[in-house]
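Here is a set of questions and answers on one structure. Look at the sequence and the model first.

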Amino acid sequence: MSGGQDDLLVSVEGVYKHFPIRQGIVFKREIARVHAVDGVDLQVRRGETLGIVGESGCGKSTLARCITGLHPVTRGRILFEGADITGLSKAGLKAFRRDVQMIFQDPYGSLNPRRRVGSIIGDPFAIHGLADGADRKRRVQELMELVGLNPEHYNRFPAEFSGGQRQRIGVARALALRPKLIVCDEPVSALDVSIQAQVINLLNDLQGELGLTYVFIAHDLSVVRHVSDRVAVMYLGRVVESADGEDLYRAPRHPYAAALLSAASVADPDEAERAERIVLIGDVPSPVDPPKGCRFHPRCPKARERCVSEDPELVPREGDPPSHPTACHFPVEPGERLSGRQAVIAQVSTEPDLPEADR
Ligand SMILES: Nc1ncnc2c1ncn2[C@@H]1O[C@H](COP(=O)(O)OP(=O)(O)OP(=O)(O)O)[C@@H](O)[C@H]1O
Ligand code: SF4
Ligand SMILES: [Mg+2]
């Protein structure tokens, strides 16, 4: 993989996605906004897997839906192969969706239980008028074989398959149109651990075979580690750190990334020994009115006065390569231990000034 502009498949530029909260029966007044995605810049290169991690509610799925054109953005641009997809017409979006597919978290809810798997997997051919009759059946059976399903089970219903097999059905459906990008939104979170590895291996094999590019979303860093070339860590609608996978795992710079990493299961005993668990205080603040300054400051073991007033930019910090930006005024230094320093937090006024109803 090289890093040239030609390699760039997706460029997310200053993207915001806000959901209005309305009140009133007749005149629905906007009383507030959920800042689900709040100024994200990201790049995805051809052939790579970009992992996106972060706690529940930090905006991963919303960002995924913006990238795949399922949500219109509030502000910003998303370039796919250099062309802006944010203002596409209906016809333009339909064409774009041949190139970009999504795999969802829930292998149960995302498949219609009353339809046979052959017809579910064949949907994209039907929607785009690409194959019908015997031709469609043949292509669906080829896809079933590709993802490790028995093509003879073409006429079965989703309920006749296990969770892992159902996720393979979702993968087959996503592959039907030979997309360039697949956005996997927590594709293994609902599966047993033993099955997770099978689905991840399948996705890896398919990537090698078909030259796919993935955006792989998870809230668990240890899952993302197995699949990602690069990782972006999200917090409250923003990317707070991104880096080549191993750089991030070796030396996370953002205190939130360090905390997430310390909570992930570590296979290497030496690493486990080094990795002291950092317990974050408090809940994620409301995305309706994110904290001023650094939005992580109410929970950050390193917070100081500057963090309360000044929003840190996502830029490479001293000593880091351009590929490793961090949004933090006081990044974690090599060998620095964060746990046990939480008392520092109590000395800083950290309460976001939210009205009670929004919490
Ligand atoms: N359609 C919507 N209308 C209003 N608010 C929404 C909508 N979709 C998401 N949100 C809100 O936006 C924020 C981000 O949600 P999102 O689903 O993107 O988070 P996530 O990181 O995918 O979380 P999880 O790990 O739980 O899947 C949350 O506060 C959520 O409640
Ligand atoms: S800017 Fe301050 S509060 Fe924010 S992550 Fe860095 S040290 Fe913590
Ligand atoms: Mg989600």
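Ligand shells and a helix pair

Q: Into how many nonpolar, polar and charged residues does the shell around ligand 1 divide?
A: The model is predicted. In it, 13 residues surround ligand 1, and Phe 19, Ala 36, Ser 56, Ser 61 and Thr 62 are the closest. By class, the shell around ligand 1 divides into 5 nonpolar, 7 polar and 1 charged.

Q: Which element gives the largest share of the shell around ligand 1?
A: Two elements, β2 (29–45) and α1 (60–67), each supply at least two residues of this shell. The largest share is 3 residues, and it comes from α1.

Q: Are α5 and α6 roughly parallel or roughly antiparallel?
A: Helix α5 spans residues 163–175 and helix α6 residues 193–210. They pack with axes 9 Å apart, at an angle of about 20 degrees. Angles under 35 degrees count as roughly parallel. Therefore α5 is, relative to α6, roughly parallel.

Q: Which residues of α6 make the contact with α5?
A: The crossing of the two helices, α5 and α6, is right-handed. From α5, the contact uses Gly 163, Gly 164, Gln 167, Arg 168, Val 171 and Leu 175. The contact residues divide into 6 nonpolar, 4 polar and 1 charged. On the α6 side they are Ile 195, Gln 198, Val 199, Leu 202 and Leu 206.

Key
Residues are numbered from 1 along each chain as its sequence is written. Chains are lettered from A and ligands numbered from 1 in the order in which they are written. This is a predicted model: local features need pLDDT of at least 70, side-chain atom pairs count only at pLDDT 80 or more; totals for chains, interfaces and linings use all residues. A residue is near a molecule or strand if its C-beta atom, placed from the backbone, lies within 6 Å of it. Helices (H or I, at least four residues) and strands (E, at least two) are DSSP runs, numbered from the N terminus. Ala, Val, Leu, Ile, Met, Phe, Trp, Tyr, Cys and Pro count as nonpolar, Asp, Glu, Lys and Arg as charged, and the others, Gly among them, as polar. Axes are lines fitted to C-alpha atoms, for helices over the stretch in contact, and angles run from 0 to 180 degrees between N-to-C directions. Angles under 35 degrees count as roughly parallel, over 145 as roughly antiparallel, 65 to 115 as roughly perpendicular and the rest as oblique. A crossing is left-handed if the near helix is turned anticlockwise from the far one by less than a right angle, and right-handed if clockwise. Two residues are in contact if their C-beta atoms, placed from the backbone, lie within 7 Å.
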